[in-house]
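Please read the following report alongside the sequence and the model.

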Amino acid sequence: MKKQLASFRDFLATGILGPLSPEMKMIDVAKVLGTPDDWNVDDGDDVPLYWCFGKVEVSFDIAAPYRMNWFQVECAAQLKGKFERVTERLKLSLDKFNGKTKPSEFLTAGLWDLKRTIVYYAALSDDILLNICAGGIQIHFQVDTSFIDDGDAVRHLEEAKLGQLLRDIDPRTKVDSIYSYPQPATEEVPGVFNWCWLTGHDYLHILG
């Protein structure tokens, strides 16, 4: 099967990574990417439902025909240079993005409708969580919180003015992982974290 070059920019805009789409079934993924480098099998599973192809990991539904739940580019902080080899069959052109690309840089790249793009943020102990959800794409960021003197991210999030908070967070991020879902991505999971949110348009406006 021929080798393919996928565009990272196109993936961010559409959720489709070269031949890989979140609408696929397990048999479709096997056809376009071949045998995975690794997979996980839980007790009671008839087939492996979690496949790994380098930095690309795929989760499938538990029942036949094993439709995809999502796929992700994991360890995305390590993305650098011009290209990333995914498998023997698939190479990714990074299109000037990398693991250090900031939320504001993704938002100003012309990828999405910013009034429909949502930036979620929350705090957990000494961590600040920040995600961008745009269509079926969800980008998770790591945030360096060493700028918080007492390490209490929850208190800092409650007390800081939003503009200053965003100016503190945005330059201190690295990309953690990027998910592609067959349905719109969201972080609104009641009871998990006290998520706050704003549109991509408002994020950039408040960031200044």
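Predicted model: local features only at pLDDT ≥ 70, side-chain atom pairs only at ≥ 80, totals over all residues.

Strands in a sheet are paired by hydrogen bonds of the backbone, in either a parallel or an antiparallel sense.

S6 and S7 belong to an open sheet of 3 strands, in which the order is S1-S7-S6 and the pairing is mixed. Strand S1 (4–7) and strand S6 (83–85) stand at the edges with a single partner strand each, so that one side of each has no neighbour in the sheet. On average, and ignoring direction, neighbouring strands of this sheet are turned by 30° against each other.

## The enclosed cavity

How many cavities of 30 Å³ or more does a search of the whole structure find? The search finds 1, and the volume of the largest cavity is about 40 Å³.

The residues that line the largest cavity are Lys55, Val56, Val73, Leu79, Glu84, Arg85, Val86 and Leu92. Sorted by class, the lining of the largest cavity consists of 5 nonpolar and 3 charged residues, with no polar ones.

## The chain as a whole

The protein chain contains 6 helices and 12 strands. Its radius of gyration is 18 Å, close to the 17 Å that the globule rule gives for 208 residues, and the chain is therefore as compact as a globular protein of that length.

Of the 208 residues in the protein chain, 49% count as buried.

## The loop between S4 and S5

Aspartate 61 is placed in the loop between strand S4 (56–60) and strand S5 (68–73). Is aspartate 61 buried, exposed or partly exposed? Because its relative accessibility is 32%, aspartate 61 counts as partly exposed, a class that lies between the cut-offs of 20% for buried and 50% for exposed residues. Aspartate 61 and valine 119 are 58 residues apart along the chain, and their C-alpha atoms are separated by 27 Å.

Proline 65 also lies in the loop between S4 and S5, and a cis peptide bond, with omega of about 10°, joins alanine 64 to proline 65. Tyrosine 66 is placed in this loop as well, and although tyrosine 66 is not a glycine, its phi is positive, at about 60°. With a relative accessible area of 18%, tyrosine 66 is buried, since buried means under 20%.

## Strand S8 and its partners

S8 pairs with strand S9 in the antiparallel sense over 7 bridges, and the two strands form a hairpin with 2 residues between them. Serine 125 is found in the loop between S8 and S9 (127–134), and in this turn serine 125 has a positive phi of about 60°, although serine 125 is a residue other than glycine.

S8 is also joined by 4 bridges to strand S12, residues 196–199, and these two strands run antiparallel. Tyrosine 120 takes part in both pairings, with asparagine 131 as its bridge partner in S9 and tryptophan 197 as its bridge partner in S12. Of the 7 residues of S8, 6 are buried, so the strand is largely enclosed by the rest of the structure.

## The largest pocket

The largest pocket holds about 170 Å³ of space. Its lining is made up of Tyr121, Ala122, Ala123, Val154, Leu157, Glu158, Ala160, Leu162, Leu165, Phe193, Asn194 and Cys196. Strand S8 (118–124), helix H4 (153–159) and helix H5 (162–169) are the elements that give two or more residues to this lining.

Which classes of residue line the largest pocket? By class, the lining has 10 nonpolar residues, together with 1 polar and 1 charged residue.

Conventions: Residues numbered from 1 in each chain as written. Heavy atoms only, no water. Pairing = 2+ DSSP bridges. Axes fitted to C-alpha atoms, helices over the stretch in contact; angles between N-to-C directions. 1 Å grid on protein atoms, 1.4 Å probe; cavity = no way out; pocket = protein on both sides within 12 Å on 5 of 7 lines; lining within 4 Å. Points joined across faces, edges and corners; volume = space filled by probe spheres on them. Nonpolar A, V, L, I, M, F, W, Y, C, P; charged D, E, K, R; others polar. Rg over C-alpha atoms; globule rule 2.2 N^0.38 Å. Buried < 20%, exposed > 50% of the residue type's maximum accessible area, 1.4 Å probe, protein only.
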